[in-house]
Amino acid sequence: MQRRDFLKYSAALGVLSSFPLLSGRLYAAERPRLPIPTLLEPDAQSSIRLTAQVGKSMLAGHQATTWGYNGSLLGPALRLEQGKKVNVEIHNRLSESTTVHWHGLEIPGEVDGGPQGVIASGASRRVSFTPQQRAATCWFHPHQHGKTGHQVAMGLAGLVLIDDLESRQLMLPKQWGIDDIPLIIQDKRFDADGQIDYQLDVMSAAVGWFGDTLLCNGVNYPQFGALRGWLRLRLLNGCNARSLELATSDGRPMYVVGSDGGLLAEPVKVESLPVLMGERFEVLVEVKDAKPFEIMALPVTQMGMQVAPFDKPQPVVRIQPVPVHGSGELPDTLAKVPELPKLEGLNTRWLQLMMDPRLDQMGMQALMAKYGQEAMAGMDHGAMGHGDMEQMKGGMGHSAMDHGAMGRMANGDRKLDIYNANKINGKAFDMNTPSFNVPRGQYERWIISGEGDMMLHPFHIHGTQFRILSEDGKPPAVHRRGWKDTVRVEGKRSEVLVRFDHTAPAQHSYMAHCHLLEHEDTGMMLGFTVG
Ligand SMILES: [Cu+2]
């Protein structure tokens, strides 16, 4: 099935095409249009059908084999209603097992789609749930242990939009594909044949799999025809390992109205917006005049992520105003976000993220060997943990960085098992052994520590929308104080206030893990039960 079969172009382009004289001038002919994922709502039987399948997509000028839901790349946007039950029938037409995890949804462990919710090749699974949480932009993606990074890289990801009464009453832009648009941002790398070039190896297990091409809704640097007025962008960082920092090309501000789990109390104006892997933010930008602008991804100081072309700002999408006025507004107030409860006396859990020091060192050496010093750009200032920068530079010299040296290291006293080299509290992920049980309905304070390495670990917890108490040793930014399911951990400690309102048995435990997918796939994950 071709991508056009399920990714329909924006209706705003229909508006534009009624101005034929303008459209030729306004649209750069060579720039592809931003595909908008089809909205998929439950049918009369409250059912939605999702099929994970293989297809072909034009990516970076080549026909590449890609995977998608109900199409060849990415998937539809499911629109669900708070309090309304949905039955999702998931068919797996891939040649390998997969799972479908509902990232950000507060639903029972049985239907959460973690690594235990396996759907064999050719098989199907039906899950039913009723979202009770507030309006939010969530997403769904595979969670097949050891394969998540590959399956996401191949294209499996889709959005879940939850609506509620409060959100419907706001004057926010809400015409899908016209003034309410998703931007699913992902980087990819291609081999000489134009195929997606994925590896899970020492380098990617340490720093993550990253690419040299930025895609927005599956297309490199597309353009979108926007009404004059407020434009709502539902941003998803769908990259395996790359954190993003987004800004407009002309410096116009963005107003953050929502984070992972719902709307903020009021809009927060930002000049640029860091978005971690797995995170979503909803922002409004004002499209006032006829001047086009870009949403840009600025360089970030994350190991490996300043390799060219990401040493310079990269365009994500071009926003081209069309001569029609929009009707959405930026409200002064958005949603009720409750005050934090009293924190004294809460049960506290400690989650220490750990990387095998040999993986840390070998991964960075592999990165330097492949990309040179530029891969380390921005990383010189802080301590680098086990693989201290000066020691590494001194120790490697000029000639030690060949594969022989790597091989000798790998065959040292114990062979490094990369699939179990990342850990939490000293243990790599074990699907059969939940790490602890959390009483249902009770607040807990979880401290997630990244002390010991300087890697970025966006830490995600299933089954809950939490509140960030402190983030990497600092108070959270204002726009990160609402509902979240992912928190930044980068060398220091982060504290979150969690509560689980549904149960998760040992056979379908909830996961807590790093959302750098190659860290997750190589062990930086634990399962826990709620009951
Ligand atoms: Cu990590």
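**Close-up views of the predicted model**

**View 1. Ser-470 has Glu-495 as its bridge partner in β30.** The model shown here is predicted; local features are described where pLDDT is at least 70 and side-chain atom pairs where pLDDT is 80 or more, while totals for chains, interfaces and linings use all residues. Residues are numbered from 1 along each chain as its sequence is written. Helices (DSSP runs of H or I, at least four residues) and strands (DSSP runs of E, at least two) are numbered from the N terminus. Strands are said to pair if DSSP finds at least two bridges between them. Strand β30 (residues 493-498) pairs with β28 in the antiparallel sense over three bridges. Within this pairing, Ile-468 stands opposite Val-496 of β30. Strand β30 also pairs in the antiparallel sense with β26 (residues 444-449), over six bridges. Here Ile-447 stands opposite Glu-495, the residue that is also the bridge partner of Ser-470.

**View 2. Five strands form an open sheet of mixed pairing, in the order β24-β23-β26-β30-β28.** The edges are formed by β24 (422-424) and β28 (467-470), each of which pairs on one side only. From one strand to the next the twist averages 25 degrees; such angles run from 0 to 180 degrees between the N-to-C directions of axes, which are lines fitted to C-alpha atoms, for helices over the stretch in contact.

**View 3. His-457 lies in strand β27 (residues 457-461).** His-457 is buried, with 28 other C-beta atoms within 10 Å. A residue is called buried if 20 or more other C-beta atoms lie within 10 Å of its own, exposed if 12 or fewer, and partly exposed in between, with C-beta atoms placed from the backbone. Leaving aside residues up to four places away in sequence, His-457 touches Leu-353, Gly-450, Val-489, Glu-490, Cys-514, Leu-516 and His-519. Contact is counted if the C-beta atoms of two residues, placed from the backbone, lie within 7 Å. Met-277 is 180 residues from His-457 in sequence, yet their C-alpha atoms are 9.1 Å apart in space.

**View 4. The largest nonpolar core has 138 residues, of which Val-160, Leu-183, Ile-185, Leu-246 and Val-316 touch the most other members.** A nonpolar core is a set of buried Ala, Val, Leu, Ile, Met, Phe, Trp, Tyr and Cys residues joined through C-beta atoms within 7 Å. Strand β15 (residues 223-237) contributes the largest share of this core, eight residues. Ile-185 touches Leu-214, Cys-216, Leu-235, Leu-236, Asn-237, Gly-238, Cys-239, Leu-244 and Val-316, with residues up to four places away in sequence not counted. In soluble globular proteins, nonpolar side chains tend to be buried together.

**View 5. Strand β22 (residues 314-325) pairs with β15 in the parallel sense over five bridges.** In this pairing Arg-228 stands opposite His-325 of β22. Strand β21 (residues 293-297) runs antiparallel to β22 and is joined to it by five bridges. Ile-319 in β22 is the bridge partner of Phe-293.

**View 6. Four strands form an open sheet of mixed pairing, in the order β5-β4-β7-β9.** Strands β5 (62-69) and β9 (124-129) stand at the edges with a single partner strand each, so one side of each is left without a neighbour in the sheet. The twist from one strand to the next averages 25 degrees. Strand β4 (residues 47-59) and β5 run antiparallel and are joined by eight bridges. Gly-55 has Thr-66 in β5 as its bridge partner.

**View 7. Helix α6 (residues 357-371) has 15 residues and reaches 21 Å from its first C-alpha to its last.** This reach is close to the 21 Å expected at 1.5 Å a residue, where the expected span is 1.5 Å times one less than the number of residues. Buried positions in α6 are Arg-358, Leu-359, Asp-360, Gln-361, Met-362, Gly-363, Met-364, Gln-365, Ala-366 and Leu-367. Just after α6, Gly-372 takes a positive phi of about 75 degrees.

**View 8. The chain averages a pLDDT of 90, and 88% of the residues score at least 70.** The pLDDT is the predictor's confidence in each residue, from 0 to 100. It stays under 50 over residues 1-25, for which the model has 49 contacts beyond four places in sequence. Residues 380-411 also have a pLDDT below 50, with 35 contacts in the model beyond near neighbours in sequence. Where pLDDT is low, the predicted coordinates should not be read in detail. The chain comprises nine helices and 32 strands, and 51% of its 531 residues count as buried.
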